[in-house]
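Me: I've got a model open here and want to go through its local features. Can you take my questions as they come?

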Amino acid sequence: MRADFLRFLGISAVVFFSVSCKEETAQIGQPAPEIAAFDLQGNKAELSDWRGKTLLINFWSETCGACIVELKTLQQWAEKYPNHVQLVAMNIDGENADTQAIVSKRQLSLPVFKDQMKITAERYQLVGTPTSFVIAPNGKLLHKFEGLLSENDLQQLFNPTKNE
């Protein structure tokens, strides 16, 4: 009798979680998956915080030298063109990394968030860093860039009206 009850309970839990947990994965042209991240002060971040703005999420790691260089470049572009794209630097080093120390050492002033449990990286199907995603003001995923963003990509993102 107890074994039947435990089996019923286990099956019920599997059914409940498979029905109630929505599988979110990044697909171009579809709504962007929700992020599961916190800023360096511990405040929860949600995509709705940037609704109505073009958002660039840049996934990075402290052990990735190219990532650090790209973050500095992105920061410069965001400062030069503050009204075109909202920039978010998403650190994927986990909860034990001292991201604040890296941000201070590298003198980064852009918004930095921690994907402590790597849920956001999983939802965005992250393979490596740096990887960036562009989300439209309506919340749809527009672009995925694996590797460093090119000068041309940056120009189109931050200053799309300039023709060169």
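Me: Gln-107 to begin with. Buried or exposed?
Reply: Gln-107 is exposed, at 61% relative accessible area. Keep in mind that this is a predicted model.

Me: Where is Gln-107?
Reply: In the loop between α3 (99-105) and β5.

Me: What's the phi of Gln-107?
Reply: Near 55°. That is a positive value in a residue other than glycine. Lys-118 also has a positive phi, near 60°.

Me: And where is Lys-118 found?
Reply: Lys-118 sits in the loop between β5 and α4. Its relative accessible area is 41%. The cut-off for exposed is over 50%, so Lys-118 counts as partly exposed.

Me: Peptide bonds next. Which one is cis?
Reply: The bond from Thr-129 to Pro-130 is cis, with omega near -5°. Pro-130 belongs to the loop between α4 and β6.

Me: Now the aromatics. How many aromatic pairs are there?
Reply: The structure has six aromatic pairs. One of them joins Trp-50 and Phe-113. That pair is edge-to-face, 5.6 Å centre to centre, with 90° between the planes.

Me: Which parts of the chain does that pair link?
Reply: Distant ones, 63 residues apart. Trp-50 is in the loop between β2 (44-45) and β3 (55-60). Phe-113 is in strand β5, residues 112-114.

Me: Is Trp-50 buried or exposed?
Reply: Trp-50 is buried, with a relative accessible area of 9%. Phe-113 is buried as well, at 8%.

Me: What about Phe-59 and Tyr-124?
Reply: They form a tilted pair, 5.8 Å centre to centre, with 50° between the planes. Phe-59 lies in strand β3, and Tyr-124 is in the loop between α4 (119-123) and β6 (131-135), so the pair ties together parts 65 residues apart in sequence. Both Phe-59 and Tyr-124 are buried. With Phe-133, they form one aromatic cluster.

Me: Switching to charges. How many salt bridges?
Reply: Three salt bridges. Arg-123 pairs with Glu-24, the closest N and O atoms being 3.7 Å apart.

Me: Where do Arg-123 and Glu-24 sit?
Reply: Arg-123 is in helix α4, while Glu-24 is in the loop between α1 (2-20) and β1 (37-39). Arg-123 is partly exposed, at 22% relative accessible area.

Me: Which residue does Glu-46 bridge to?
Reply: Lys-44. The closest N and O atoms are 3.5 Å apart. Glu-46 is partly exposed, with a relative accessible area of 32%.

Me: And Lys-144?
Reply: Lys-144 bridges to Glu-146, with the closest N and O atoms 3.5 Å apart. Lys-144 is partly exposed, at 33% relative accessibility. Glu-146 is exposed, at 52%.

Me: Last topic: cavities. How many of 30 Å³ or more?
Reply: One. The largest cavity has a volume of about 60 Å³.

Me: Which residues line the largest cavity?
Reply: Leu-47, Trp-50, Arg-51, Gly-52, Lys-53, Leu-55, Ile-135, Ala-136, Pro-137 and Gly-139. Among them is Trp-50, the residue that pairs with Phe-113.

Me: How does the lining split by class?
Reply: Six nonpolar, two polar and two charged residues.

Definitions and conventions: Residues are numbered from 1 along each chain as its sequence is written. This is a predicted model: local features need pLDDT of at least 70, side-chain atom pairs count only at pLDDT 80 or more; totals for chains, interfaces and linings use all residues. Side-chain values use heavy atoms; hydrogens and water are left out. On a 1 Å grid over the protein atoms alone, a cavity is a set of points where a 1.4 Å probe fits but cannot get out, and a pocket is an open set with protein on both sides within 12 Å along at least five of seven lines; lining residues have an atom within 4 Å of a point. Grid points are joined across faces, edges and corners, and a volume is the space filled by probe spheres set on the points. Ala, Val, Leu, Ile, Met, Phe, Trp, Tyr, Cys and Pro count as nonpolar, Asp, Glu, Lys and Arg as charged, and the others, Gly among them, as polar. Rings of Phe, Tyr and Trp (its six-membered ring) pair if their centres lie within 6.5 Å; planes under 30 degrees apart count as stacked, over 60 as edge-to-face and the rest as tilted. Helices (H or I, at least four residues) and strands (E, at least two) are DSSP runs, numbered from the N terminus. Buried means under 20% relative accessible area, exposed over 50%, partly exposed in between (1.4 Å probe, protein chains only). A salt bridge is a side-chain nitrogen of Lys or Arg within 4 Å of a carboxyl oxygen of Asp or Glu.
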